[in-house]
Amino acid sequence: MDNSVHQVYEDEIQLLEEEIKLLAEKCEDIHQESTFFSDEEIQMAKKLFQRELQGEYKGHGSPSDLKSQLESLEGDLSFLMKLTGIQFTRHSKKTLEKCKHFYACCTEILSGNCQSLPFQLEFQLLEMQNKENASAAVTDLSIIMESGQHSELSKFVSSTEEHRNLLLFFRSLSSYAEWYEHRRCTFLHFK
Amino acid sequence: EEEKSSEKRKAPWGRALATASPDRGGLTSAFPPARGSRGKMEEGKTYPQDGVLAYLETLEAQAHELALKQQEEEQQEKKLNRLKARVQELRARRDELRAKVELQEKKLVDKGVVTDPAQPSPQTVLEWKIKSIKAMLQIFHLTGISGKPTKQGVCFCISTAYEGTYLASYYLDILTKPEVRIQRHSVPVFIPLEQIAKKYLQTDLRRFLSVLWEHLNAYAGRRYQAEQLEERFSEHIEGTLQKNSLCNLLVFSYNVSRNGQSFPFTVRLLYGDLCGSLPTEATISCTPGAPASLAETAAAHSDAFRRLALHRAFRSLVDAKQSQ
């Protein structure tokens, strides 16, 4: 009899803990996704951080970790941009729904350029995770590319948009951009 | 005698002893310790010790049990109070967070941005930037080719997808010194990795990754289509779908009805282009003696298989069959 009373409380505790975790994440997400700091603000923060580090810093965790972590990540990003030729100039993400690490649905707006070709995308991504594996699917995709010099791309763009094939878009854009760049260089060479 | 013992039963442990032996102290001094020795010590005499001893032992046991029970009850109550307190604490925390989220969402609607009235600390700014970059690195994962520099080279991740659905990812650990070479990888053995590496790895890393991606993505796409066919149309397929590991050779059978009779079609799909996800050849065979009109149907089916994704082609066949 006593145990069943305990069980009721223990069940409620578990539910509350899960709810708290989700709420805290939501708070974090909203804060992250609606805040923006410019590059200058980031640089300033780095300097101030360095100063604090050299001064009397009494905080939780090692302060130097943050700055070196940031620099390491910036290095990774710059490496990737150099390797793939894809640069993202703007990225904003909005979490629509999140549920117990089972799934998360978000909308992302992305603009950037691939070599010299600018692009702008908006897509909805659904990520699911179960015990064995994680999966992701694009549930909506819209692509904006400057029509003009690259009209041959428009048919391809609408086809990938229709099939929500974000991956193919990037790979093909990358190939096309490289071919285009190569062609441009070749023409320049002959001028 | 009986009256006395019933009295003793009501009285607590200590008093029972006192009634039995006012001069001496504990049980051991008042009564002989063991029943066996008693017999030797006092021969011939009959003591009511058996009864009293047993009774006292019962009382002792009862008291012990009572003490245990009380202890357990106290513990249960303590635990219950702890649980209650924890629930209160969590409820308060949960309500606090709910209010915070509500406030944030309201601010978002009003202003479109959630700004801290106070100047954010450098720590907050850096933490924001770190999260922001991590999110961008995740996007690279969605573009198909991503990687991370390691001490000795680079670790690449190649992602595959069929239309909007992301499929498996494959990893390559590449060393850059003294020369570019693959240390380890998770690429399946039937993908011609060595050939591709031999051709491009040393001279054009980007090209190497791009070509490898084409092979892996096409394979993943073919496999996905075959799996979709098996999953969605299992009741239409006769027997099982046969495929090789590279998923570029598929064989399966299904029935086509004509004039009230059922004829099996056996399809053999060959994907000649390893970087392609549509078959280059779709051969359909039927049992000898099948009506000639079926040849036309077979040709139409073969055409569908070469033009459309496998599961879509099959869907169109099933729909056509049902509409007949």
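A salt bridge is a side-chain nitrogen of Lys or Arg within 4 Å of a carboxyl oxygen of Asp or Glu. Keep that in mind for the views below, which show a predicted model.

**View 1. A salt bridge links Glu163(B) and Arg312(B).** The nitrogen-to-oxygen distance between these two side chains is 2.7 Å, so the pair falls inside the 4 Å limit. Between domain 1 and domain 2 of chain B, the count is 1 salt bridge.

**View 2. Domain 1 of chain B meets domain 2 of chain B.** The assignment places domain 1 at 133-220 and domain 2 at 224-322, with their C-alpha centres 33 Å apart. Each domain brings 12 residues to the contact. Together they bury about 1000 Å², 64% of it from carbon and sulfur atoms. Look for Tyr162(B), Phe190(B) and Ala218(B), which supply 48% of the area that domain 1 buries here, more than any other three residues.

**View 3. Chain A meets chain B.** Here 69 residues of chain A and 64 residues of chain B take part in the contact. About 6400 Å² is buried between the two chains, with 71% on carbon and sulfur atoms.

**View 4. Asp76(A) reaches across to Lys148(B).** Their closest N and O atoms lie 2.9 Å apart in a salt bridge. The interface of chain A and chain B has 9 salt bridges, and 17 residue pairs are in polar contact between the chains. On the chain A side, helix H1 (2-34) is among the elements giving two or more residues; H1(A) gives the most, with 21 residues. By class, that side of chain A has 36 nonpolar, 14 polar and 19 charged residues.

How values were computed
Residues numbered from 1 in each chain as written. Chains lettered and ligands numbered in written order. Predicted model: local features only at pLDDT ≥ 70, side-chain atom pairs only at ≥ 80, totals over all residues. Heavy atoms only, no water. Contact = heavy atoms within 4.5 Å. Buried area = accessible area lost by both parts, 1.4 Å probe. Polar contact = N/O pair within 3.5 Å; in protein donor to acceptor, adjacent residues only side chain to side chain. Helix = DSSP H or I, 4+ residues; strand = E, 2+ residues; numbered from the N terminus. Nonpolar A, V, L, I, M, F, W, Y, C, P; charged D, E, K, R; others polar. Domains from an automatic or database assignment.
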